[in-house]
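Colleague: Please take a close look at the aromatic side chains of this model. I would then like the account carried on to the surrounding features, with the criterion for each term stated.

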Amino acid sequence: MAGFTTDDLRAAATRIAAHVQGVADELNAADGQLGDGDLGITVSKGWAEIASAADALPDDVGMAFLDCAKAFQKVSSSSYGTLTATAFMAAAKACKGRTEVPFAEIPALVAAARDAMMTRGKAELGDKTVLDALNAVAQATEGKEDPATLLAAARDAITQALDTFRPQENRVGRARMFGERSKGLDDPGMLALARVAEGL
């Protein structure tokens with residue numbers, strides 16, 4: 001198989017929704033150390049909404065991504081929910097009008113999501129946010145097109161990003177207010193991305 005289709009998105013959404021439901025408490029706890037403590041709720045509700053609407057996703061992959069954005073934002077008005085929807089919208093724009101998208105384009109889709117989220121969230125690389133993990137994924141998957149290889153590279157990249165940034169301070173968002181106390185803690189957004197990747 002050279003590319004992914006809406007059927008693949010449906011299957012992925014179902015797997016991710018089931019997995020993040022089981023780690024919601026972990027994500028809430030991590031977020032509680034640096035934020036509102038509701039990230040697990042946001043992530044699990046958002047993916048559950050996408051999974052519940054999966055059967056109705058259109059064959060046009062771009063439009064399917066757009067529906068994913070609408071579904072996630074429907075149940076989450078948080079900043080993380082908005083950024084997730086922004087990522088889906090960036091992918092929607094790149095994939096519109098196609099019923100199959102080459103796996104080789106996944107790194108570019110991740111990079112597009114990263115850039116769109118950076119613009120929307122007013123954050124930069126190095127601020128210790130999910131953007132740093134997405135950037136690591138985009139770089140690690142560049143030039144790869146086998147699905148299993150792509151996923152393995154993505155998961156390794158997220159783990160390395162968590163390890164790299166854990167000793168650093170969070171520099172944006174609510175977490176920045178914790179200053180030195182954020183050192184040694186995982187950024188909740190990065191951790192959420194890691195759990196989503198596990199779900200795949």
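Modeller: Across the whole structure, a search finds 5 aromatic pairs. Rings of Phe, Tyr and Trp (for Trp, the six-membered ring) are paired if their centres lie within 6.5 Å, and the planes count as stacked under 30 degrees apart, edge-to-face over 60, and tilted for the rest. One of these pairs is formed by W47 and F88, which are edge-to-face, with 5.7 Å from centre to centre and 70° between the planes. Distant parts of the chain are linked by this pair, since W47 belongs to helix 3 and F88 to helix 5, 41 residues apart. Helices here are DSSP runs (H or I, at least four residues), as strands are (E, at least two), numbered from the N terminus.

The model is a predicted one, in which local features need pLDDT of at least 70 and side-chain atom pairs count only at pLDDT 80 or more, while totals for chains, interfaces and linings use all residues. Residues are numbered from 1 along each chain as its sequence is written, and side-chain values use heavy atoms, with hydrogens and water left out.

Both W47 and F88 are buried; that term means under 20% relative accessible area, with exposed over 50% and partly exposed in between (1.4 Å probe, protein chains only). W47 and F88 also belong to one aromatic cluster, together with F4, F65, F72 and F103.

The cysteines may be taken next. The structure holds 0 disulfides, a disulfide being a pair of cysteine sulfur atoms within 2.5 Å. C68 is buried at a relative accessible area of 5%, and C95 is buried at 0%.

The largest pocket holds about 1200 Å³ of space. On a 1 Å grid over the protein atoms alone, a pocket is an open set of points with protein on both sides within 12 Å along at least five of seven lines, whereas a cavity is a set where a 1.4 Å probe fits but cannot get out; lining residues have an atom within 4 Å of a point. Grid points are joined across faces, edges and corners, and the volume is the space filled by probe spheres set on them. Of the 36 lining residues, I16, I106, V110, V196 and L200 are the closest to the centre of the largest pocket. Among the elements that give two or more residues to this lining are helix 3 (39-52) and helix 5 (79-95), but helix 1 gives the most, with 6 residues. The lining comprises 32 nonpolar, 2 polar and 2 charged residues; Ala, Val, Leu, Ile, Met, Phe, Trp, Tyr, Cys and Pro count as nonpolar, Asp, Glu, Lys and Arg as charged, and the others, Gly among them, as polar.

R10 lies in helix 1 and D59 in the loop between helix 3 and helix 4, 49 residues apart. R10 is buried at 16% relative accessible area, whereas D59 is exposed at 54%.
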